[in-house]
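Here is a short report for a first look. Keep the sequence and the model side by side as you read.

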Amino acid sequence: MLVVVETGSTDGPKAGFQECNEIGMSVDVIEYRNGNNRENDVRKLNGLANVDDVTLKRGIIGSLDLYEWLDQIRNGDQAAYRTVVIQLQNEDHTAVVQTWKLLRARIVKHVSGPLNAKGNDVAMEELTLAYERLELE
């Protein structure tokens, strides 16, 4: 899996992610019936489209790029959104199998840890992204 946060920079990837939770979308259904309709059935209309937040996990690498993005958001920058592209690659990483584009994404949660000096686990960093629209390629 390859995750690209589009920032306008062409320096190449600064970090990878090990895990991504489910990427999902749903459309609400609105039930409607005309007051003068002779049938006692409702019509079902399309409502708002909703997308689920996405959580990405990786080992802590010390890069502050994503923290700087989060800092923009928490300081009230309404334009601090990015397009995040998640690409599923084949087993030998030579081709992209599926691409998800998260449009107008923002970090809404950042977690580091758990940190345990007695263990031998890798320290993990977790980012939760809220976004407005999902596109598949």
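## Terms and basis

Buried means under 20% relative accessible area, exposed means over 50%, and partly exposed lies in between (1.4 Å probe, protein chains only). This is a predicted model: local features need pLDDT of at least 70, side-chain atom pairs count only at pLDDT 80 or more, and totals for chains, interfaces and linings use all residues. Residues are numbered from 1 along each chain as its sequence is written, and side-chain values use heavy atoms, with hydrogens and water left out.

## Salt bridges

A salt bridge is a side-chain nitrogen of Lys or Arg within 4 Å of a carboxyl oxygen of Asp or Glu. The whole structure holds nine of them. One joins the side chains of Glu-31 and Lys-44, at 3.6 Å from N to O. Glu-31 sits in strand S3 and Lys-44 in strand S4 (residues 43–51), 13 residues apart. Strands (E, at least two residues) and helices (H or I, at least four) are DSSP runs, numbered from the N terminus. Both Glu-31 and Lys-44 are exposed.

Another salt bridge pairs Glu-125 with Arg-58, with the closest N and O atoms 2.7 Å apart. Glu-125 lies in strand S8 and Arg-58 in strand S5, so the pair ties together parts 67 residues apart in sequence. Glu-125 is buried, at 9% relative accessible area. Arg-58 is buried too, at 3%. Elsewhere, Glu-19, Lys-57 and Glu-126 are linked in a salt-bridge network.

## Helix H1

Which residues of helix H1 (residues 65–74) are buried? They are Leu-66, Trp-69 and Leu-70. These residues cover an arc of only 100° around the axis, which puts them on the same side of H1. The arc is that of the directions from the helix axis to the C-beta atoms. The buried residues of H1 pack against strands S1 (2–6), S5 (54–59), S6 (82–89), S7 (96–112) and S8 (124–130). Gly-76 follows H1, and its phi is positive, near 95°.

## The nonpolar core

A nonpolar core is a set of buried Ala, Val, Leu, Ile, Met, Phe, Trp, Tyr and Cys residues joined through side-chain atoms within 4.5 Å. The largest one has 18 residues; among those with the most contacts inside it are Trp-69, Ile-107 and Leu-129. S5, H1, S6, S7 and S8 each supply at least two residues of this core. S7 gives the most, with four.

Contact means heavy atoms within 4.5 Å. Leaving aside neighbours within four places in sequence, Leu-129 is in contact with residues including Leu-56, Trp-69, Val-84 and Leu-102.
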